[in-house]
Amino acid sequence: QTQSTSESDLDFDNGVYRISLDKETKGLRSITNLETGETCKVKITWGWYEANTGGCSDFGCFHTDYGALSGAYIFRPNSSSFNYPGPEGTGIETDIEVGPLVTEIRQRLSGW
């Protein structure tokens, strides 16, 4: 496993794949297959929707003691507004642990 830095990226590879993080924001920028040389540009946008508190929908009422809640297997946002975990374009808190067998990259976008 190696780590290298370019002018604008932080690069990590395991001899098979290389991932590149943007040096400024720490966001994932690309993944490269080192055998074929193919690079896939990547941009991940994290966010969340406000959950529905339950009740009826256009499809009818699904009553429980609490109404039809949004939960682990039911996606029922209360609007189409998309919320970001913090101001867009801000840096991502990133911890990078380089070990003899594994490089672990942990990222935290906000306290939630």
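Visitor: What share of the residues of the chain counts as buried?
Guide: This is a predicted model, in which local features need pLDDT of at least 70, side-chain atom pairs count only at pLDDT 80 or more, and totals for chains, interfaces and linings use all residues. Residues are numbered from 1 along each chain as its sequence is written, and side-chain values use heavy atoms, with hydrogens and water left out. Buried means under 20% relative accessible area, exposed means over 50%, and partly exposed lies in between (1.4 Å probe, protein chains only). Of the 112 residues of the chain, the buried share is 17%.

Visitor: How many helices and how many strands does the chain have?
Guide: Both are DSSP runs numbered from the N terminus: helices are H or I with at least four residues, strands are E with at least two. From the N terminus on, the elements read β-β-β-β-β-β-β-β-β. The count is zero helices and nine strands.

Visitor: In which sense do strand 2 and strand 3 pair?
Guide: Two strands pair if DSSP finds at least two bridges between them. Strand 2 covers residues 9–13, strand 3 covers residues 17–22, and five bridges link them. Aspartate 11 faces serine 20 of strand 3. The sense is antiparallel.

Visitor: Which residue in the turn between strand 2 and strand 3 has a positive phi?
Guide: The two strands form a hairpin with three residues between them.

Visitor: Which residue of strand 4 stands opposite isoleucine 19?
Guide: Strand 3 also runs antiparallel to strand 4 (residues 28–33), joined by five bridges. This hairpin has five residues between its strands, and lysine 26 in the turn has a positive phi of about 70 degrees. Opposite isoleucine 19 stands isoleucine 31.

Visitor: How many salt bridges does a search of the whole structure find?
Guide: Side chains of opposite charge can pair when their charged atoms come close. A salt bridge is a side-chain nitrogen of Lys or Arg within 4 Å of a carboxyl oxygen of Asp or Glu. By that rule, the search finds five.

Visitor: How far apart are the closest N and O atoms of arginine 18 and aspartate 13?
Guide: Arginine 18 is partly exposed at 28% relative accessibility. Aspartate 13 is buried at 16%. The two form a salt bridge with closest N and O atoms separated by 4.0 Å.

Visitor: Which residues do salt bridges that share partners join into one network?
Guide: Take another salt bridge on the way: glutamate 104 with arginine 106, closest N and O atoms 3.3 Å apart. Glutamate 104 is partly exposed at 38%, and arginine 106 is partly exposed at 35%. The network joins Asp9, Asp22 and Arg29.

Visitor: Leaving aside neighbours within four places in sequence, which residues is glutamate 93 in contact with?
Guide: Glutamate 93 lies in strand 8 (residues 93–98) and is partly exposed at 46%. Its C-alpha is 8.3 Å from that of serine 110, 17 residues away along the chain. Contact means heavy atoms within 4.5 Å. On that basis, glutamate 93 touches Arg106, Gln107 and Arg108.
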